[in-house]
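Student: Could we go through this structure together? I would like to begin with the packing and then move on to other topics.

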Amino acid sequence: MSIIIKSVGPRDIKPSEITTEADYSGRREFIKKSGLLVGGALAGSLAVPAQASSAEGGKDFPGLIKTEYGKGRELTSYEDATSYNNFYEFGTDKEDPARYASSLKPKPWSVVVEGEANKTGTYNLEDILQKAQMEERIYHFRCVEAWSMTVPWVGFSLGEMLKRFEPTAKAKFVEFETLYDPDQMPGQKRKILDWPYRDGLRIDEAMHPLAFMATGIYGHTMPNQNGAPIRLIVPWKYGFKNIKSIVKIRFSEKMPPSTWNTLAPNEYGFYANVNPQVDHPRWSQASERKLGANFWEPRVKTEMFNGYADQVAGLYSDMDLSRYF
Amino acid sequence: MQFSLSRPGVRSFKPVVFMLCLFPFGLLMADAFSNQLGANPTKVIVRTLGDWAIYLLLIGLAISPARKLLGKPWPIRYRRMIGLFAFFYVCMHFLAYIWFDQYFDISEITKDIVKRPFITIGFVNFLMLLALAATSNKRMIKRLKKNWLRLHKLVYPVSMLALLHFFMMIKADYFRPTVLLIVLSLLLGYRLIVAFRPGSKRPSSQARKLLAHRWKPARYGGLGNTD
């Protein structure tokens, strides 16, 4: 899939308006061409020449509901969000997923549901999507490596989907698993991680209205490198919790193992809530670098629960967050 | 006898080596200022500079084995320049961290150096290389005499710690530092074999000659002990 940006004419951009991906690409293109010293004052007018054609016309989700989530936030460019990824199933360099993820076949796709639920079984992804209320939410995404991006995700409420599987009273946790298929995911030929990738949530976290299942970004079907065809987005947690290319959902009574936690328990906790006060042993989590920022731009402060503290802090009110990191 | 560039029959490629050493830096600058470093340019800048510091350290360590294996003295002429370039890349690596990564936040930088072992190691390595660079001129070689050689053996712990610094920042994939570790092990292992088996067969008679009577570095560029 490639994004073609065409200039079709000028238009005014209000500061409150969400800037589209094409505008952003255009803006960066302009900055590239005009060299270094483009000040912030200029930046607003730079957005004018580029305009969305593909972004508006070529959307893969007609009639998509745009929600209030993150409305007005400055977006990361589509190019950056799809070329700088951690998806070790395709290699450990940030550019590897964009380079090699074409071997993934996201269609047809099925998801196995098992464990403490009434409606377990194998579901075609299409059937899951048919029942889902598709919408767009703009969420801030904070990687544990201290970089961040802001992306309009297309998808549906995780909790709404999970309820349809009718979890029982024993379902205290929900675990997710990524596809394991070294032919489709060549990075799995090397045992860098304990494949398949796994991660999980406490059931109350999973049922939280912010928890999201994403099948697209920027109005487009999810690119393979971003976790096609379906991935988790839990915006108040570090990026690695947001498991990609999900093939299995398991309801369980016990806390499930999660890949990074198993690999380095002192560095990656099960909760992995974004917390600027609790540093990673090897680097500070107090600030982050926004994808697309130029090298001379400073970091920005990281917010508690990635800026979603008002909505989610209550989930952890009785927990010592430096211990349960 | 003083080595000079104009000595008859000896061609110096110092300007070429100089440009080669500077090339990765120039390329990085060009890419940085033309926005070619991707979504997280700061990281690419810091990592690339660190990578080249290590590559040049390893190339510097390959000089003496190369000299012995080739049986020719000429590689030694470029060793100081390569070593100084390694230091240059370390300085730029450190500067990029201070400037672009931490934005001169002294308290954050201090905290990093004190709290995070891999950054502590990097900083200590910077100080050791500073000592080597500061004593790399002829005046210091003369003044320090035997101690100069002793001091400059620091390059061995420096290169080992540089790789440790690399290993310690990796999350899961150790492939690249492992390759570099193999190279370093070969370079250091060669020295161990030479040191502990003085009677063993040498690659060439000229190398044997070079080792047999103490090599006079002043002839080839003023590096080494001068007594």
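Predicted model: local features only at pLDDT ≥ 70, side-chain atom pairs only at ≥ 80, totals over all residues.

Student: Which residues have the most contacts inside the largest nonpolar core?

Tutor: They are A:W153, A:L158, A:W236, A:I249 and A:F251, in a core of 87 residues. Strand β5 of chain A, residues 147-157, gives the largest share of this core, six residues. There is also a second, separate core of 51 residues, which includes B:L28, B:Y89, B:F94 and B:I113.

Student: Let us turn to A:W109. Where is it found?

Tutor: A:W109 is in the loop between α5 (96-100) and β2 (110-115) of chain A.

Student: And why does A:W109 count as buried or exposed?

Tutor: A:W109 counts as buried because its relative accessibility is 8%, and the cut-off for buried is under 20%.

Student: What does A:W109 touch?

Tutor: Beyond four places in sequence, its contacts include A:L104, A:Y123, A:N124, A:L125 and A:L179. A:A228, A:P229 and A:I230 are also among the residues that A:W109 touches, as are A:S245, A:I246 and A:V247.

Student: A:P229 is a proline. Which kind of peptide bond, cis or trans, runs from A:A228 to A:P229?

Tutor: That bond is cis, and omega is near -5°. A:P229 lies in the loop between β9 (220-221) and β10 (231-233) of chain A. A cis peptide bond also joins A:W195 and A:P196, with omega about -10°. A:P196 is found in the loop between β6 and β7 of chain A.

Student: What about A:Q184?

Tutor: A:Q184 lies in the loop between β6 (173-178) and β7 (198-202) of chain A. A:Q184 counts as buried, at 11% relative accessibility. Leaving aside neighbours within four places in sequence, A:Q184 is in contact with A:F90, A:S103, A:L104, A:K105 and A:L179.

Student: Changing topic, how many residues are in contact between chain A and chain B?

Tutor: On the chain A side 35 residues are in contact with 27 residues of chain B. The two chains bury about 2,600 Å² between them, 50% of it on carbon and sulfur atoms.

Student: How many salt bridges are there between chain A and chain B?

Tutor: The count is six. One salt bridge is formed by B:K171 with A:E145, where the closest N and O atoms are 2.9 Å apart. On the side of chain A that touches chain B, α1 (21-34), α9 (259-263) and β12 (287-290) each supply at least two residues.

Student: Finally, which residues have a positive phi although they are not glycine?

Tutor: A:A272 is one of them, with phi near 55°. A:A272 is found in the loop between α9 and β12 of chain A and counts as buried at 3% relative accessibility. B:K145 also has a positive phi, of about 50°. B:K145 lies in the loop between α6 (138-144) and α7 (146-152) of chain B, and counts as exposed at 53% relative accessibility.

How values were computed. Residues numbered from 1 in each chain as written. Chains lettered and ligands numbered in written order. Heavy atoms only, no water. Core = buried A, V, L, I, M, F, W, Y, C linked by side-chain atoms within 4.5 Å. Buried < 20%, exposed > 50% of the residue type's maximum accessible area, 1.4 Å probe, protein only. Helix = DSSP H or I, 4+ residues; strand = E, 2+ residues; numbered from the N terminus. Contact = heavy atoms within 4.5 Å. Buried area = accessible area lost by both parts, 1.4 Å probe. Salt bridge = Lys/Arg side-chain N within 4 Å of Asp/Glu carboxyl O.
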